[in-house]
Amino acid sequence: MELGMNKLEKTIEYAKDISVLYVEDDEDARGELTQILNIFFKNLFIAENGQIGLELFNANSIDLVISDVTMPVMDGLEMMHILREQNKDFKAIFVTAHSGKNILLDSIKLNIDGYILKPIEQEQLISLLSKIIDVIHSQKLKVNFDKKLQIELQKQKELIQEQSKTLIEMLQKDAKTNLYNFEKLKIDYNDFVRKPTLMLINIDNFNFINLTHGYSTGDMVIKQVALFLNTLTKDTITVYKLYGDEFMMVFEDLEIMEVLDFAEHIQYKINQQIHFVGTEEYNISVSIGLLECTKDDIVLPYNKVKLALQDGRSNRKNSITIYKEDMSLLEKQQELLKWAKKTKDAMEHKNLKAFYQPMYEFKEQKITKYETLVRIVDDGEIISPFYFLPSAKINGLLPRLTKIVITQAFEYFKNYKDLSFSVNITDEDLKDGELFGLLLYLCDKYEIQPSTVTLEILENINDYDVGDANKKLEELRKAGFLIALDDFGSESSNFTRLQQLNVDIIKIDALFVKDLDTNINSRHIVETMIYLAKKTNKKTIAEFVHSKEIFDIVQELGVDYAQGYYVGQPLAEVI
């Protein structure tokens, strides 16, 4: 009995939120059933016939209709038929003195959920009400759950939209300067009503600042220039931060000669400014390229304005050059020839110098290895290979250049036999056919063990037949030299290449190392590379370790060697 009472209490509790329409023309019967219904339902509406029942139903939110069948004005069957046409979701019970076949068939057609025979038996009534109340309660719970779910989904949708908007904005901004980047520039260019005038600005000698003072100093200079340029913006002038030390200013309503005046003003102001990084002072200059876009420039003509800047800089730094249509392949060829001549002169006058960048070995907790890098040293100016290697490749100077650098490295490390060192090799070096003999000769001459020498495979070996490359590299490995795959993770140095070439060491590309402290995706990628290396018994070197934070992270992740400005910059001597 106690279980029955618990069930009854629960049914009464569920019925509190259920609205009921009771239609009965017999006053005595109506009064008797109303007393019972009042026990269950707080929201009870009573009608004397079907017509009044319709009015009450339409004026209120009704969950359950209990109706007599035979009534004056409008009987229960007609009322129920109209209600079902209007609303199919409510529950319905017929109260009738008849139990014939016709009533049953009508009940089925009208989707009646139950019927009670007169005279009403209280136990039958309560049992039927309990079942229907449970069903209505469950439906209400589902409706409420669906509403809450829809509200939550809408909130999530709005949150995702907001996050997507934030992410898109982040992807369209340069992290260092908070200026819009190259991707945003390309999008904006398509939206300009009239073709704008472009000004490409590049900091002179910026690589020299990075090489001599480190990337953190270079970053501060970039930020200061960005801050200055940003003060010049207005509704029709926008500044963007592009690659490296490049900025683009876009002028929507100025003609080319007006922008030329603007460029001269920018140069003058930058030349006059003294830039401070800590306590150090820097004077910098910028070279500028200008381009007045035309209707033919359907997409952003970056290459044109870049060509103008390079053309001016090839003559002198701190230049301003307006793009002309006759600037074509000839200028590029002249630039390559200029650097090829400079490279040949450096070889003949022994200005081609090997520099050495240290690598810190975490297992030994000290610097045990150096990478050999090439520089041209001309009248005290240290020139990055960024400028002369492309022309050296095109003009067939790479094998000779490599031999000079390798010979210098062996001669230098003959006095540091406790250190290992690496040298870079290209596909031209492998094709040359003299590399193997030269390496063995130098090992014998300077009494250096091949196992202390690593040959770093540069990405252009990807252009060389993999089968032939593997044969040459395998000969070198059998002789005891170690083989490293440089820039692993970059477009050309990928997992396919790792599978094709048998190497001992992989150098993790700087792209994934430089922002390990802020980019969780970079961290996941580096973790995957290290896991792969350990599974295949390969050592790992992390490039571009430029801060203590990055140094600590690569150590934590299990990298074998760290290389970058935090460990040490390339110098003519080991540290």
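Contact is taken as heavy atoms within 4.5 Å. The model is predicted: local features need pLDDT of at least 70, side-chain atom pairs count only at pLDDT 80 or more, and totals for chains, interfaces and linings use all residues. Residues are numbered from 1 along each chain as its sequence is written, and side-chain values use heavy atoms, with hydrogens and water left out.

Helices (H or I, at least four residues) and strands (E, at least two) are DSSP runs, numbered from the N terminus. Thr197 is found in strand E6 (residues 197–203). Leaving aside neighbours within four places in sequence, Thr197 is in contact with Met249, Val250, Phe251, Leu254, Glu255, Ile256, Val259, Leu291 and Glu292. Thr197 is buried, with a relative accessible area of 2%. Buried means under 20% relative accessible area, exposed over 50%, and partly exposed in between (1.4 Å probe, protein chains only). The Thr197 side chain also reaches the backbone oxygen of Leu254 at 3.1 Å. 

Strand E20 (residues 539–542) holds Thr540. Thr540 counts as buried because its relative accessibility is 2%. Neighbours within four places in sequence aside, its contacts include Ile506, Ile508, Ile530 and Ala533. Gly558, Val559, Asp560 and Tyr561 are also among them.

An open sheet of five strands has the order E2-E1-E3-E4-E5, with parallel pairing. Two strands pair if DSSP finds at least two bridges between them. E2 and strand E5 (114–117) stand at the edges, each with a single partner strand, so one side of each lacks a neighbour in the sheet. From one strand to the next, the twist averages 15°. E3 and strand E4 (residues 91–96) pair in the parallel sense over five bridges. Within E4, Val95 is the bridge partner of Asp68. Helix H4 packs on the sheet and touches E1, E3 and E4. The direction of H4 makes about 155° with that of E3. Axes are lines fitted to C-alpha atoms, for helices over the stretch in contact, and angles run from 0 to 180 degrees between N-to-C directions.

In helix H3 (residues 50–59), Gly50, Gly53, Leu54 and Phe57 are buried. They cover an arc of only 100° around the axis, which puts them on the same side of H3. The arc is that of the directions from the helix axis to the C-beta atoms. The buried residues of H3 pack against strand E1 (19–23), strand E2 (43–47), strand E3 (64–68) and helix H4 (76–86). Asn49 caps the N-terminal end of H3, with a side-chain oxygen 3.0 Å from the backbone nitrogen of Gln51.

Terms used: A polar contact is a pair of N or O atoms within 3.5 Å; within protein, one must be able to donate a hydrogen and the other to accept it, and residues adjacent in sequence count only if both atoms are side-chain atoms.
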